[in-house]
Amino acid sequence: VSRRTGHVVDWGAGIRAAWDFGEEAAQQRLAKFVAEGLLRYERRKGSVGAAESVSRLSPYLRWGELSPRQVLHAVGKSHSKSFVQRLLWRDLAYFQLH
């Protein structure tokens with residue numbers, strides 16, 4: 001509830017508009033990234049403001065709708081060294097912190 005107006009504020013509206021939830025959506029996002037985004041990711045890695053070159057897989061990995069193994073298998077032999085390296089570091093860091 002907004003203190004100023006007294007109306008109920010839908011704080012989740014932005015995230016619902018930006019993400020499709022569920023395992024099916026995760027699989028679709030992964031397929032799209034492998035088909036269209038992986039090469040862009042490799043070319044633009046580390047670029048500040050390169051929003052079009054990110055995978056957008058993090059929430060699916062975080063909530064278990066995708067596993068790192070599924071992503072690794074989908075990337076396959078694409079020779080995307082930096083993406084695979086970052087995926088492995090992400091998984092390692094998660095287990096080190098939890």
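Select Trp19 first: with a relative accessibility of 17%, Trp19 counts as buried, because buried means under 20%. Keep in mind that this model is predicted.

How many aromatic pairs does the whole structure hold? A search finds four. In one of them, the ring centres of Trp19 and Tyr60 lie 5.9 Å apart, with the planes at 85°, so this pair is edge-to-face. Trp19 sits in the loop between helix H1 (13–18) and H2, while Tyr60 belongs to helix H3, 41 residues apart.

Stay on Trp19 and show Arg56. Arg56 lies over the face of Trp19, 4.4 Å from the ring centre. For another such arrangement, select Arg62: it lies over the face of Trp63, at 4.2 Å from the ring centre.

Next, pick Phe33 and Phe83. Both are buried. They form a tilted aromatic pair, 5.0 Å centre to centre, with 45° between the planes. Phe33 is in helix H2 and Phe83 in helix H5, so the pair ties together parts 50 residues apart in sequence.

Move to Ser55, in the loop between helix H2 (23–44) and helix H3 (58–62). Is Ser55 buried or exposed? Ser55 is buried, with a relative accessible area of 12%. Beyond its neighbours within four places in sequence, Ser55 contacts Arg29, Phe33 and Phe83.

Last stop: Val84, in helix H5 (residues 81–97). Val84 is partly exposed, at 21% relative accessible area. Leaving out residues up to four places away in sequence, Val84 touches Leu72 and Val75.

Note on methods: Residues are numbered from 1 along each chain as its sequence is written. This is a predicted model: local features need pLDDT of at least 70, side-chain atom pairs count only at pLDDT 80 or more; totals for chains, interfaces and linings use all residues. Side-chain values use heavy atoms; hydrogens and water are left out. Helices (H or I, at least four residues) and strands (E, at least two) are DSSP runs, numbered from the N terminus. Buried means under 20% relative accessible area, exposed over 50%, partly exposed in between (1.4 Å probe, protein chains only). Contact means heavy atoms within 4.5 Å. Rings of Phe, Tyr and Trp (its six-membered ring) pair if their centres lie within 6.5 Å; planes under 30 degrees apart count as stacked, over 60 as edge-to-face and the rest as tilted. A charge sits over a ring if NZ of Lys or CZ of Arg is within 6 Å of the ring centre and within 35 degrees of the ring normal.
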